[in-house]
Amino acid sequence: MSELLNLESGRKLAALVAILAALVLAPFWMPLLGGYTALGTRVLVLGLAAMSVNFLLGFTGVLSFGHAAWFGIGAYGCGMILKFIALSTPLGILAGTLAGGLAGAVLGALIVRRRGVYFAMVTIAFGQVFYYIAFQWSSVTGGDDGLRPFYRQPLHLGVATLDILNDATAFYYFVLVCFVLAVAAMAFILRSPFGRTMLAIRENERRARFLGIPVELHIWIAFTLSCFFMAYAGSLYALVNNFADPRGLHYSQSGDFVMMAVMGGMRSFWGPLLGAIVFVVFQDYVSSVTINWQIFIGFLFVLVVLFFPRGLLGFLQQRRGA
Amino acid sequence: MTKRLDFGAVDRRTIVKAGAVAGLSQIAAPFIWSARAADAIKVGMVDPFTGVYAAVAQNELIGVKYAVEQINAKGGVLGRPIELLVEDSANDVGIGVQKTRKLIERDGIQFLIGDVNSAIALAIAQVSNEKKVLHIVSGGHTDGITGKDCHWNVYRVCNTTKMEANSVAELLFNKYGKKWHFITPDYAFGHTLQEAAQADLTKFGGTVTGNELTPLGTTDFSAYLIKARAANPDVLLVLPQGLDMVNCLKQIAQFGIEKQIHVAGLQQELESLEAMPPEARVGIWMFEWYWKQPGVPGVEKFVADIRKRTGGKVPTARTWFGYTSMMSYALVANQAKTLDGVTLAKALGNFELPADVKLQPNKCYYRAGDHQLMTSSFVGEALTKPAGDPEDLFKVDTIVAGDKTSPPESETGCTLQWPA
Amino acid sequence: MTQLLLFNITNGLIIGAFYVLMAIGLSLILNLSNVINFAHGGFLVVGGYIAYTLEPYLGFWGALIASPFLTAIIGLAVEKVLISRVYGRDPLYSLLLTFGLAFILEDGTRVIWGANGKPFTIPAALAQPLSNEFFFITGYRLFMVVMVAVMIALLFILLRYTRAGIRIRAGTLDLETVSALGVNVRALRSLNFAVGIFLAGLSGVLAGGQLGLEPTMGAGLLMPSFIAIIVGGVGSLIGTLVGGLLIGVASGVTAVYFPAASEAIMYVLMAVVLLVRPRGLFGEEGMLT
């Protein structure tokens with residue numbers, strides 16, 4: 001029995017090391033495959049966003065289709081700090097994360113009693129409210145033209161200065177570090193008793209309730225946490241673009257994130273990252289080749305929903321298991 | 001689990017595989033034929049080919065492609081052919097920035113054209129500036145591009161909002177009256193357009209009876225038109241563009257408003273006029289370029305050549321923007337005999353376009369102080385009945401030169417900082 | 001000022017009527033099949049473009065009648081091939097499926113009909129305002145309201161007096177029992193979906209006459225339908241009717257005092273309803289929650 005456990009955890013450790021190695025070495029192997037560093041940075045940020053959605057969707061079983069709202073709020077928060085208040089990247093990230101997370105906490109409290117399709121509709125509608133505010137309140141957010149200009153500021157780390165503005169590779173590693181921190185936090189939460197409770201709620205909400213678990217409270221906490229992660233990813237996105245715009249809040253952006261999570265595998269931790277890689281690379285590639293790339297994306301959605309509902313990782317696990 | 005998907009004899013694996021092969025062959029095909037010339041000069045174009053600006057972006061592309069053909073037929077730039085790489089910004093800033101980085105970092109373009117969407121144009125200008133790549137904004141109108149957000153490596157072909165307002169304002173004031181009511185799209189382009197027009201109006205001594213700010217994407221203008229009617233102005237200025245303009249004018253025609261109030265506006269485009277039913281084509285407008293210019297050298301050939309490539313459709317102002325942007329690069333590079341971004345950027349200052357590129361009667365040149373092309377405004381009236389050719393929907397009354405409509409360089413707010 | 005207000009309220013009702021037509025189709029599909037049809041806007045656009053293509057041959061009236069049926073047939077095909085596969089699964093999948101479908105429909109219309117907007121001509125007789133005073137009530141807009149009223153009446157008759165309609169209503173409340181009673185639920189869902197898409201197609205033809213046709217127009221008309229359903233109450237068609245009219249009027253009235261907020265007011269209304277009475281004005285507790 002202990003040998004089996006060692007084998008399983010050994011395999012997991014090997015997988016983890018492999019993933020980290022691939023990410024760290026990305027600026028070197030990507031150009032060989034026709035990629036470019038900026039693509040990798042984008043994949044990391046969107047992958048983190050997909051993982052944040054999955055935190056709620058895959059591990060608690062709650063479908064929020066308006067999660068891009070927190071992503072966008074994070075982006076605007078970070079941008080506004082850099083533009084109006086202080087030229088400090090860490091402060092921007094902090095502000096963006098707090099803004100989105102707190103907004104999510106407030107909203108979550110209002111809708112936590114709803115479930116299923118209705119919950120999804122409500123999250124879509126509320127997400128659009130924020131989209132609409134960003135679009136209309138042009139004196140603050142810049143409206144359709146977006147919040148600009150602001151630039152990510154070089155980091156002064158005491159011993160050295162990391163020029164993340166002009167050096168694409170340096171910026172990639174900065175984002176990677178941020179990514180690892182967030183992912184580690186996520187993994188920690190999921191392994192904790194709280195995380196186990198979330199899984200219990202996902203599996204059978206009624207039974208969890210009978211066990212005395214305060215379900216609404218847990219869902220609210222899970223919702224809030226995922227909003228914080230989402231806003232964090234949004235802040236990074238603002239740094240990637242040196243820009244924040246309403247499109248980041250639109251429900252179609254939410255749909256993209258959910259798609260990435262589903263495509264990679266909702267029930268697994270790394271699935272959404274894989275989904276993000278496939279989605280971003282696919283979109284990048286197809287849109288360079290044909291103007292009608294949206295049809296291909298649409299077909300991808302349809303294909304995944306009909307034939308690969310468990311996502312790529314789920315599909316692979318099935319084959320290994322069967 | 002697999003039982004639910006009952007395809008009979010064919011199982012899902014086969015279908016997916018077949019689909020994948022069919023799909024991949026579609027995508028892979030271009031790569032099979034492209035034998036990329038090793039010594040070609042790569043130029044990039046980033047434009048929103050999907051989304052609300054798709055029609056105008058596609059017309060710009062036609063112009064650029066035609067220019068590339070012409071350039072390569074005459075020996076290319078410095079003896080090397082031009083290779084055009086096109087990316088879709090999908091009207092999304094993040095994607096536009098990403099594609100620009102891809103074009104510059106991975107594909108090594110020497111020259112960038114784009115974007116129609118002003119916000120994206122500004123964002124990718126930051127990238128092209130960072131990478132020291134010469135960049136011509138073909139179709140983004142926001143004044144900042146050659147104003148307070150100007151960069152040494154960025155030039156712009158299309159008009160600024162101030163130029164557009166200045167070209168029509170006097171005519172409207174003298175011909176129609178001094179009480180103006182505005183319908184303004186609620187974003188930066190709309191705001192600056194309206195402010196410019198209002199400034200002109202105040203200068204002439206007129207008054208503004210109201211300014212209705214309409215959200216982008218408004219489909220129903222009835223509430224705003226009701227208010228405009230009640231305010232009883234002499235002129236109703238319709239400033240929204242694209243689909244918003246089409247809807248607004250349609251509703252104006254349906255409500256019969258043009259019978260009581262003079263309808264006019266600033267920027268108008270052939271793409272919009274063609275999307276309208278005939279009764280909505282009313283009012284005085286300015287075009288940034290129009291295809292029917294009898295007697296002006298080069299225009300007829302351009303129109304005929306473009307018609308061959310579009311199945312009979314005439315070039316629009318957007319086609320001309322794309323054409324001019326690409327030709328400008330080739331001309332200045334061949335003249336300066338270098339591809340260095342900084343040198344070319346300096347050389348484009350005060351560069352005058354030859355007759356077969358400018359395709360207009362007035363002198364047309366890039367101003368050195370703000371990098372704005374001094375292109376003419378074609379002021380005239382929309383035609384309910386086409387004048388002969390079904391695409392002749394605009395009657396040009398006057399062609400005003402760019403340096404007459406544009407404020408002086410000192411007033412644009414542009415300070416260029418050249419690299420050391 | 002009162003005249004302005006009255007005008008705008010009337011105008012709001014006219015706009016609201018249009019929202020109702022779209023929202024009812026969406027509501028039908030949502031109630032019976034638990035599917036949020038993100039592609040509803042796409043079907044609207046398809047309906048409009050089909051009418052545009054048919055108009056030279058059948059005239060305006062012919063196109064108006066034929067197009068919704070053709071759109072419904074397309075909808076039926078889509079339902080049989082794609083959507084029926086995700087019934088009973090987590091609502092996530094139907095959301096993603098219709099989401100992807102919306103992409104395909106939008107880009108498909110762009111491929112077939114081109115990216116530039118297309119003008120859709122309405123009969124000259126309808127394009128006149130009623131009078132100089134009521135210039136904003138054109139014959140066409142009145143016609144639209146009449147069409148919506150007729151459709152609602154027909155739908156009411158369908159749902160109340162035909163067997164299929166009664167089954168649909170029963171199915172909305174308890175699909176399992178209906179199935180156990182021997183009704184072919186598959187066929188019922190297909191019919192329901194087809195009716196919903198019929199209404200979407202009709203909305204598209206009417207919208208085309210009013211707004212012109214453009215591949216991206218569907219997405220913008222989808223959100224008001226959502227809000228109408230949420231405000232009126234999920235699960236209730238009367239609610240959707242009231243909700244649509246309410247947001248239309250609210251939008252119209254706000255345009256008088258606060259034009260910039262005339263779209264925002266819909267969202268504010270929705271937020272208020274969700275806070276004060278989450279099930280919506282006419283919704284029933286437990287409906288899809």
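The questions and answers below concern a predicted model with chains A, B and C, and they set its computed values against the definitions in use.

Residues are numbered from 1 along each chain as its sequence is written, and chains are lettered from A in the order in which they are written. Because the model is predicted, local features need pLDDT of at least 70 and side-chain atom pairs count only at pLDDT 80 or more, while totals for chains, interfaces and linings use all residues.

Q: What makes strand β6 of chain B largely enclosed by the rest of the structure?
A: A residue is buried if 20 or more other C-beta atoms, placed from the backbone, lie within 10 Å of its own, exposed if 12 or fewer, and partly exposed in between. Six of the seven residues of β6(B), residues 179-185, are buried, and the strand is therefore largely enclosed. The strand itself is a DSSP run of E of at least two residues, whereas a helix is a run of H or I of at least four, both numbered from the N terminus.

Q: How do you know which strands β6(B) pairs with?
A: Two strands pair if DSSP finds at least two bridges between them. Strand β7(B), residues 207-214, is joined to β6(B) in the parallel sense over seven bridges, and within that pairing B:Val208 is the bridge partner of B:Trp180. Strand β8(B), residues 235-238, also runs parallel to β6(B), with four bridges between them, and there B:His181 has B:Leu236 as its bridge partner.

Q: What is the handedness of the β-α-β unit that contains helix α6 of chain B?
A: A crossover is right-handed if, with the strands pointing away from the viewer, the path from the first strand over the helix to the second runs clockwise. The unit made by β6(B), helix α6(B) at residues 188-204 and β7(B) is right-handed.

Q: Why is one side of β7 and of β14 in chain B left without a neighbour in the sheet?
A: The open sheet has seven strands in the order β7-β6-β8-β9-β10-β13-β14, with mixed pairing. Strands β7 and β14 (394-400) of chain B stand at its edges with a single partner strand each, so one side of each lacks a neighbour in the sheet. From one strand to the next the twist averages 25°, where axes are lines fitted to C-alpha atoms and angles run from 0 to 180 degrees between N-to-C directions. An antiparallel pairing is formed by β10(B), residues 284-287, and β13(B), residues 377-382, over four bridges, and B:Trp285 stands opposite B:Gly380 in β13(B).

Q: How do you know whether the radius of gyration of chain A agrees with that of a compact globule?
A: The radius of gyration is taken over C-alpha atoms, and the globule rule is 2.2 Å times the number of residues to the power 0.38. For 322 residues a compact globule would have a value near 20 Å, and chain A has 20 Å, so the two agree. The C-alpha trace of chain A spans about 55 × 50 × 45 Å along its principal axes, and 54% of its residues count as buried. The chain has 15 helices and two strands.

Q: What makes up the contact between chain A and chain C?
A: Residues are in contact if their C-beta atoms, placed from the backbone, lie within 7 Å, and the contact takes 32 residues from chain A and 35 residues from chain C. On the side of chain A, α6(A) gives the most, with 12 residues.

Notes:
Contact = placed C-beta atoms within 7 Å.
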